[in-house]
Amino acid sequence: MAAGSPSVSVQAPTQPAAGRRPLFQREPVLGWLLLSPVLLVMLVLVVWPMLTAIWIAFTDKSIGRDATFVGLANFTQVVSSPRFLRAIQQSLVFTVVAIVLKFALGMAMALVLNRAFFGRNVLRAYFLVPWILPGFVAYMMWRWFLDPLQGVLNYALTDLGLISFPLEFLSSPKMALPSVIVAHVWRSFPFFGVAFLAGLQNIPSEQYEAAAVDGANGWQKFLYITIPGLRHVILVVLMLATIWTFNAFEPIYLLTGGGPADATMVYTVLAYEMGIVNMRLGEASAVPVLILPILGLFIVALSGVMSRDE
């Protein structure tokens with residue numbers, strides 16, 4: 001600028017103070033406004049039914065009768081019932097065995113489909129078929145597949161000379177629960193596979209190449225690169241799958257209805273039987289209310305593990 005020329009100073013437009021902005025432009029207020037539809041839906045569809053169920057658990061409510069407050073009587077009666085204790089035990093067995101099998105099959109599926117080979121995309125679609133099928137269709141198909149008189153499996157085993165008499169997969173107390181677990185795992189493991197496959201594609205290939213240069217074998221690469229790289233995906237999948245599997249109702253009800261002789265009775269079917277079949281809504285509501293703290297602690301523990309790594 002030449003000497004003596006008048007200087008012109010340009011001032012940037014000042015932002016209004018947070019307290020002077022219109023109410024809907026303030027970030028905290030705008031955030032709550034955007035969240036309000038979701039909060040309203042959750043209040044109507046989640047919170048209100050849950051609070052209603054908790055209230056009914058403290059009453060002697062039956063279908064067609066008014067509710068009367070009975071305190072902890074329903075909880076005492078449910079906890080002292082051998083059927084409830086057996087249902088909890090079988091729910092845990094069903095959940096743990098199914099999750100382990102789904103994890104192993106899903107990881108194998110992801111590792112295979114992460115490699116490049118001819119027809120990979122077709123195979124990816126094929127593996128998703130069990131997950132795409134409606135649950136009712138899938139489990140009715142398994143019911144026909146395992147039928148002792150008309151089922152394909154018994155025909156195949158008989159023709160191969162492996163058995164002399166048809167096996168009662170769903171009506172034998174020893175075979176019913178394993179059969180239900182196999183059917184449930186077949187339908188659900190693609191969720192594990194898809195999630196793990198998405199996680200594998202985010203692991204840089206340079207890590208595997210550097211490990212190969214250092215002489216690492218396949219197992220060492222899986223243990224020290226793949227598993228740590230999938231840590232967050234594994235935790236989220238395990239949390240969701242554990243909740244879904246522990247609360248599973250469809251596979252047990254459609255395949256065995258909780259029988260034979262309560263051999264496959266889990267807590268969800270027991271609550272259905274108490275509430276809908278026997279019309280004792282108070283006792284039926286006490287069953288899931290007793291389970292609620294267990295699942296809540298599990299979610300809090302896994303959330304803590306995930307937050308610790310961030």
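Our tour is about salt bridges, and the count for this predicted model comes to 4, where a salt bridge is a side-chain nitrogen of Lys or Arg within 4 Å of a carboxyl oxygen of Asp or Glu. Residues are numbered from 1 along each chain as its sequence is written. Because the model is predicted, local features need pLDDT of at least 70 and side-chain atom pairs count only at pLDDT 80 or more, while totals for chains, interfaces and linings use all residues; side-chain values use heavy atoms, with hydrogens and water left out.

**First stop: Arg83**

Select Arg83 and Asp262 and show their side chains. Their closest N and O atoms are 2.9 Å apart, forming a salt bridge. Arg83 sits in helix α3 (residues 82-113) and Asp262 in the loop between α12 (250-255) and α13 (267-277), so this pair ties together parts that are 179 residues apart in sequence. The helices here are DSSP runs of H or I with at least four residues, and strands are runs of E with at least two, numbered from the N terminus.

Glu273 lies in helix α13 and Arg83 in helix α3, so here the parts tied together are 190 residues apart in sequence. With Arg83, Asp262 and Glu273 all on screen, you are looking at a network of salt bridges. Arg83 itself counts as partly exposed, at 30% relative accessibility; buried means under 20% relative accessible area, exposed over 50%, and partly exposed in between (1.4 Å probe, protein chains only).

**Second stop: Arg280 and Glu283**

Move on to Arg280, which forms a salt bridge with Glu283, the closest N and O atoms being 2.9 Å apart. Colour the two by accessibility: Arg280 is partly exposed at 32%, whereas Glu283 counts as buried at 10%.

**Last stop: the whole protein**

Zoom out and switch to a cartoon. Turn the model along its principal axes, and the C-alpha atoms fill a box of roughly 110 × 65 × 30 Å. To finish, colour every residue by burial: of the 310 residues, 33% count as buried.
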